[in-house]
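Try each task before you read its solution.

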Amino acid sequence: DKADIQLAIGGLAAVPALFLAGMLVDDETNVTLYDWDRNAKLWRLVDGSDDRKRFELLDGAEVDAGTKEVVLAVSVSYPIDTQALRQTFGASMPIARLTSEEVLADRYWSEEKQQAYVVSLRDAIQKLMSVGVQRIHMVLAAPASLSIRMGMAYDRRLMPDLIVYQYEKTATPPYPWGIQMPTHGHTPAKVVWSDSEQFAFAPRCG
């Protein structure tokens, strides 16, 4: 019985893979999340105190009614570089931003705080859906445990098609690949590759 199973998850991997891992976990399973504490050099439960810092309101100034595709830049542990977004997705792709009140690494050990961030992400996606968005290109700078938790909360049946990208600072473009998540109409997850010449937008799959 599912109630008899306790699943522990922790990992160091590319953000798209962590998000996908979260999506593949049955949301009825009892899950405990761990993350790597870089200071203490050990795996640690996400059970710290809550500092009450949260996301700021969604900045969707570039997203007009009827927009079908957007970049959703989610800055949690590091700020997301606008130039890197433009180099990858072009000048015409609308960008929506969800930014932590305090964009710093190693501040997300509270489960209550992580759950609040997940709620804000879901709310932001629903706001994008309300203006007609059907596909989201997500760029996420977040700790591993929060990336997994966000994947667990993404509703593949009701939310838009989703591709989560990996940042490679020295690559051209800086977001050279992502994983198309298993949402409705895209049952298997698959890797998509982006290059500046063809990003009009038709990612190559493999």
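This is a predicted model: local features need pLDDT of at least 70, side-chain atom pairs count only at pLDDT 80 or more; totals for chains, interfaces and linings use all residues.

Residues are numbered from 1 along each chain as its sequence is written, and side-chain values use heavy atoms, with hydrogens and water left out.

**Exercise 1.** Find what the side chain of D50 reaches.

*Solution.* Start with the location: D50 sits in the loop between strand 3 (42-45) and strand 4 (69-75); strands are DSSP E runs of at least two residues, helices H or I runs of at least four, numbered from the N terminus. Next, the D50 side chain reaches the backbone nitrogen of R52 at 2.9 Å. Finally, look beyond neighbours within four places in sequence: D50 is in contact (heavy atoms within 4.5 Å) with S110, E112 and K113.

**Exercise 2.** Classify the aromatic pair of F89 and Y175.

*Solution.* Rings of Phe, Tyr and Trp (its six-membered ring) pair if their centres lie within 6.5 Å; planes under 30 degrees apart are stacked, over 60 edge-to-face, the rest tilted. For F89 and Y175, the centres are 6.4 Å apart with 35° between the planes, making the pair tilted. Both F89 and Y175 are buried (under 20% relative accessible area; exposed is over 50%, partly exposed in between; 1.4 Å probe, protein chains only).

Key. A polar contact is a pair of N or O atoms within 3.5 Å; within protein, one must be able to donate a hydrogen and the other to accept it, and residues adjacent in sequence count only if both atoms are side-chain atoms.
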